[in-house]
Amino acid sequence: MEELICIDCQTRYPADQPRWRCDCGGLLDLIFEPVFDLQRIKNRPPNMWRYAEALPLTNPHPVSLGESLTALLPVELGGKTAWIKQDHLFPSGSYKDRGAAVMINKARELGIRSVVEDSSGNAGCAVAAYCAASGIDCEIFVPASTSPGKLAQIRMYGARLNLVPGSREDTSQAVWKAAQTNFYASHIWNPYFFHGTKTWAFEVCEQLGWRAPDSIVIPAGHGTLLLGAYIGFTELLQAGITQKIPRIIAVQAANCAPLYTAYKAGREQPLPVQSEHTLAEGIAIAVPTRGKQILKAVRSSQGQFLAVSEEDILAALKEMSTKGFYIEPTSAAIIAGLKQYLQTSQSDELVVSVFTGHGLKSTEKMLKIVEK
Ligand SMILES: *Cc1c(COP(=O)(O)O)cnc(C)c1O
Ligand SMILES: [Zn+2]
């Protein structure tokens, strides 16, 4: 039976009750025993539900929008090849669907009728999409500066949208009020979200013949893919299916880099930073709630943090587009990090990265870029 556990005081709570944080205010993780039956997995349809026994859900018929296994494609960059997972091709246009699919199905199992969520955009889109598919009432809070394409998407799914002036942190404050009376379907606080994003690691390993890559280059804003991937790789290692945890190469925008700064300074907690505007709106997180966990995961994997400049983000965006990959600017920041990392990687190193969000989300930014 799964349980929630506080990462600060280790208090445990039953997982059959809606709860988003510990009574002490701490973050909750999930204690859960996954099962992997490789033969059964292989014979199932190519989507994330093929790992059913490794997901913390009991309903054998989860609400699905057709989350296909995403392709893992070789892409040549500066003379080296990396493998890039095409997660911008998910139903709502970002990998956040992995997390929202598991979290909202869990909410459904708990009998929840109405949720609130805050987001810099794509998590709101994903949660709104799965709530629409599940008939759950949904209210989303976003910073007023969020891309219009994402706002339109959230509203089209039928969610109520609240635009909050100011920073991403002001948006978090606003949702906390709403979370007093409503289920907080948070992609940051709710541990079920990470047990959805962990399927990224399962797919990568399965596509490599049940082998873990040497390194993964992955975004670090709130770390919802990074920490999920870390859980996924750890579960496979503990089940004896793979032999190691890949080095986690975590990418931040130099204009908003509290984790990179803390890593360089040898700190355990994110450092306060003066954040400046960045093209990478989706990872511009000045105060990462799970920052301590992210720093710990990256260090224990023998990985590192990288910071990328605005020029490098723009160059990566243009380079990917001219290869036929249409990704949003935030997603290009990770590719800028990948290019930086490949300059120092070993020639035989197996490096995997990800396209996190679709370019069609950011049409107004793209128009500005092409018209320049
Ligand atoms: C959410 C998101 C990320 C990564 O964000 P985290 O805050 O680290 O979870 C990266 N790219 C895109 C497009 C996103 O939507
Ligand atoms: Zn606690």
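Me: Is Trp 189 buried or exposed?
Reply: In this predicted model, the relative accessible area of Trp 189 is 8%. Buried means under 20% relative accessible area. Trp 189 therefore counts as buried.

Me: Into which class does the ring pair of Trp 176 and Trp 189 fall?
Reply: The centres of the two rings, Trp 176 and Trp 189, are 5.8 Å apart, and their planes stand at 70°. Planes over 60 degrees apart count as edge-to-face. The pair of Trp 176 and Trp 189 is therefore edge-to-face.

Me: How many residues apart are Trp 176 and Trp 189?
Reply: Trp 176 belongs to helix α5 (residues 168–178), whereas Trp 189 is in the loop between β9 (183–184) and α6 (191–197). The pair thus links distant parts of the chain, and the separation is 13 residues.

Me: Which residues make up the cluster that contains Trp 176 and Trp 189?
Reply: A search of the whole structure finds 10 aromatic pairs. Ring pairs link four residues into this cluster: Trp 20, Trp 176, Tyr 184 and Trp 189.

Me: Which residue lies over the face of Trp 176?
Reply: Trp 176 has a relative accessible area of 30% and is partly exposed. At 4.6 Å from its ring centre, the residue over the face of Trp 176 is Arg 21.

Me: Into which class does the ring pair of Tyr 263 and Phe 305 fall?
Reply: Tyr 263 is in helix α9 (residues 258–264) and Phe 305 in strand β12 (residues 304–308), 42 residues apart. Tyr 263 is partly exposed at 23% relative accessibility, while Phe 305 is buried at 1%. Their ring centres are 5.3 Å apart and the planes of Tyr 263 and Phe 305 are at 50°, so the pair is tilted.

Me: What is the geometry of the site of the zinc ion (ligand 2)?
Reply: The protein donors are the SG atoms of Cys 6, Cys 9, Cys 22 and Cys 24, lying 2.2 to 2.3 Å from the zinc ion (ligand 2). Four donors count as tetrahedral if all angles lie between 85 and 135 degrees. The angles among the four donor atoms are 106 to 119°, and the site is tetrahedral.

Me: Why does the pair of Cys 6 and Cys 22 tie together separate parts, and how many residues apart are they?
Reply: Along the chain, the donors of the zinc ion (ligand 2) follow the spacing C-x2-C-x12-C-x1-C. Cys 6 is in strand β1, but Cys 22 is in the loop between β2 and β3, so the parts tied together are apart in sequence by 16 residues.

Me: Are Cys 6 and Cys 22 buried or exposed?
Reply: The relative accessible area of Cys 6 is 1%, and Cys 6 is buried. For Cys 22 the value is 4%, and Cys 22 is likewise buried.

Definitions and conventions
Residues numbered from 1 in each chain as written. Chains lettered and ligands numbered in written order. Predicted model: local features only at pLDDT ≥ 70, side-chain atom pairs only at ≥ 80, totals over all residues. Heavy atoms only, no water. Donors = N, O, S within 2.8 Å, 3.2 Å for Na, K, Ca; no water. Tetrahedral: all angles 85-135°; square planar, octahedral: opposite > 155°, others 65-115°. Helix = DSSP H or I, 4+ residues; strand = E, 2+ residues; numbered from the N terminus. Buried < 20%, exposed > 50% of the residue type's maximum accessible area, 1.4 Å probe, protein only. Phe/Tyr/Trp six-rings, centres within 6.5 Å; stacked < 30°, edge-to-face > 60°. Lys NZ or Arg CZ within 6 Å of the ring centre and 35° of its normal.
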